[in-house]
Amino acid sequence: MKLVDPIIAFQSEIQQIRRDLHAHPELCYEEQRTSDVVADKLTQWGIPVIRGLGVTGVVGIIKNGTSERSIGLRADMDALPMQEINTFDHASRHPGKMHACGHDGHTAMLLGAAKHLAEHRNFDGTVYLVFQPAEEGGAGAKRMIEDGLFEQCPMDAIYGMHNWPGIPAGHMSVVEGPMMASSNEFYLTIKGKGAHAAQPHKGIDPVMVAVQIAQSWQTIISRQKSPLDTAVLSITQIHAGSATNVIPDDAKMVGTVRTFTWPVLDLIEQRMEEIARHTAAAFGAEAEFRFRRNYPPLVNHPAETRFAVEVMKEVLGAERVDDQVEPTMGAEDFAYFLQAKPGCYMFIGNGEGDHRDGGHGLGPCVLHNGSYDFNDNLLPIGSSFWVRMVEKSLPLAG
Ligand SMILES: [Zn+2]
Ligand SMILES: [Zn+2]
């Protein structure tokens with residue numbers, strides 16, 4: 001690996017910041033302390049900041065030379081509403097809140113890059129360091145855009161990365177095109193007519209209607225969209241009734257739909273609604289159907305992905321780079337940035353969990369698990385990658 005030497009030299013300082021953030025996790029749009037830590041560090045290193053985009057968002061701006069070119073690098077800052085079961089010194093001090101997705105590490109890696117870029121200024125152009133709130137379901141990226149991120153910070157392209165347990169530590173993976181899915185929720189209520197369970201003919205059984213709809217919905221995935229289009233429809237809750245001998249008035253079903261493209265999502269949403277309405281009508285019941293689109297599909301732009309792969313190979317060595325990673329049906333709000341600007345989102349391997357020191361919980365070191373911890377060995381790797389991205393994308397003249 002070709003890491004940036006000065007970054008290795010201040011690794012312990014960045015690790016300290018990472019562990020401090022880990023110990024003080026904050027949820028969506030409540031990242032006040034985290035936002036202060038980020039802004040204080042940037043200011044201390046002589047980097048001007050814009051605050052308040054997306055409530056707690058922070059953007060650091062480093063300008064050098066005269067070039068009009070610019071690049072955006074993004075880290076997310078929020079934690080999850082779950083209990084940490086690790087007991088090491090930097091375990092969460094806030095019950096019920098935990099950095100179980102490694103956003104503490106993402107923030108620290110970008111701070112490491114910021115410190116180096118501010119000190120060495122080996123580039124010609126403008127770097128925007130985007131620290132966003134509320135990635136975990138709060139659409140912090142969208143909020144920052146709505147608050148004027150790209151008007152105040154007109155960047156040519158934007159890049160982001162997520163640590164990924166299961167990929168070897170210090171490897172990076174990416175794929176051009178769709179890499180993460182759109183995430184969507186649906187809510188269905190079947191309104192039937194309650195009756196004595198021994199006299200079903202006197203009512204309209206909403207449970208039977210729900211069962212029919214549940215079966216038919218899966219045929220959208222298996223029979224109605226092209227088999228070459230990836231999509232998943234999962235019913236995750238079915239609620240009805242309260243007794244063994246009462247047919248209830250209504251039944252509810254909720255769940256999630258994931259797709260990589262808009263046309264497939266449009267098709268699924270429309271067919272779900274039609275199947276629910278017509279099936280209910282066929283049994284004399286009524287269907288109330290609501291479909292909510294959350295994060296859009298995350299689609300990596302071709303030129304920016306090729307550029308990121310070049311930098312990965314240079315920093316990590318070609319043998320540690322996978323440019324054909326299998327897309328995941330998970331969702332990520334960086335997708336909003338990629339709808340507005342060219343760019344690329346990538347994974348950096350967090351390893352198999354063998355970076356554990358004492359006090360680690362017994363569970364697997366995977367995302368959204370109470371035993372997870374970000375792998376500190378990645379800090380100089382991620383920071384070096386960001387620095388080389390900037391230096392290669394905004395090269396000094398001559
Ligand atoms: Zn997460
Ligand atoms: Zn995450």
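Student: Which residues does methionine 161 touch, not counting residues up to four places away in sequence?
Tutor: This is a predicted model. Methionine 161 sits in strand β5, residues 158-165. A touch here needs heavy atoms within 4.5 Å. Leaving out residues up to four places away in sequence, the partners are Arg74, His106, Met109, Met172, Tyr345, Met346, Ile348, Gly382, Phe385 and Trp386.

Student: Is methionine 161 buried or exposed?
Tutor: Buried means under 20% relative accessible area. Methionine 161 has 2% relative accessibility, so it counts as buried.

Student: What separates the C-alpha atoms of methionine 161 and tyrosine 345?
Tutor: Along the chain, the two residues are 184 residues apart. Tyr345 is also among the residues that methionine 161 touches. Their C-alpha atoms are separated by 5.4 Å.

Student: How many Å apart in space are alanine 331 and aspartate 147, C-alpha to C-alpha?
Tutor: Alanine 331 lies in the loop between β15 (321-322) and α10 (334-340). In sequence, alanine 331 and aspartate 147 are 184 residues apart. In space, C-alpha to C-alpha, the distance is 22 Å.

Student: Which residues does alanine 331 touch, not counting residues up to four places away in sequence?
Tutor: Start with accessibility. Alanine 331 is at 26%, so it counts as partly exposed. Leaving out residues up to four places away in sequence, alanine 331 touches Glu135, Met180, Ala181, Ser183, Arg258 and Tyr295.

Student: Which residues coordinate the zinc ion (ligand 1)?
Tutor: Look for the donor atoms. They are an SG, an OE and an NE2, at 2.0 to 2.2 Å. In sequence the donor residues follow C-x34-E-x231-H. They are Cys101, Glu136 and His368.

Student: How many residues apart in sequence are the parts tied together by glutamate 136 and histidine 368?
Tutor: Both residues coordinate the zinc ion (ligand 1). Glutamate 136 is in the loop between β4 (125-132) and α5 (140-146), and histidine 368 is in the loop between β16 (343-351) and α11 (379-393), so the pair ties together parts of the chain whose separation in sequence is 232 residues.

Student: What is phi of histidine 368 near?
Tutor: Histidine 368 counts as partly exposed, at 42% relative accessibility. Its phi is positive, in a residue other than glycine. The value is near 65 degrees.

Student: Which residue bridges the zinc ion (ligand 1) and the zinc ion (ligand 2)?
Tutor: The two ions lie 3.2 Å apart. One residue coordinates both. That residue is buried, and so is histidine 103. The bridge is cysteine 101.

Student: How do α2 and α3 run, roughly parallel or roughly antiparallel?
Tutor: Two packed helices are described by the angle between their axes and the distance between the axes. Helix α2 (residues 11-23) and helix α3 (residues 32-44) pack at about 165 degrees, with axes 10 Å apart. Angles over 145 count as roughly antiparallel. That makes α2 and α3 roughly antiparallel.

Student: Which residues of α3 meet α2?
Tutor: On the α2 side, the residues are Ile17, Asp20 and Leu21. By class, this contact has three nonpolar, one polar and three charged residues. On the α3 side, the residues are Arg33, Thr34, Val37 and Lys41.

Student: Where does tyrosine 29 lie?
Tutor: Tyrosine 29 has a phi near 65 degrees. That is a positive value in a residue other than glycine. Tyrosine 29 lies in the loop between α2 and α3.

Student: Is the crossing of α2 and α4 left-handed or right-handed?
Tutor: The axes of α2 and helix α4 (residues 103-120) come within 9 Å and cross at roughly 150 degrees. The two helices are therefore roughly antiparallel. Their crossing is right-handed.

Student: How many residues in the chain, and what percentage of them are buried?
Tutor: The chain has eleven helices and 16 strands. Its C-alpha trace spans about 85 × 45 × 40 Å along the principal axes. Of the 398 residues, the buried share is 54%.

How values were computed: Residues numbered from 1 in each chain as written. Chains lettered and ligands numbered in written order. Predicted model: local features only at pLDDT ≥ 70, side-chain atom pairs only at ≥ 80, totals over all residues. Heavy atoms only, no water. Axes fitted to C-alpha atoms, helices over the stretch in contact; angles between N-to-C directions. Helix = DSSP H or I, 4+ residues; strand = E, 2+ residues; numbered from the N terminus. Parallel < 35°, antiparallel > 145°, perpendicular 65-115°, else oblique. Nonpolar A, V, L, I, M, F, W, Y, C, P; charged D, E, K, R; others polar. Donors = N, O, S within 2.8 Å, 3.2 Å for Na, K, Ca; no water. Buried < 20%, exposed > 50% of the residue type's maximum accessible area, 1.4 Å probe, protein only. Left-handed = near helix turned anticlockwise from the far one by under 90°.
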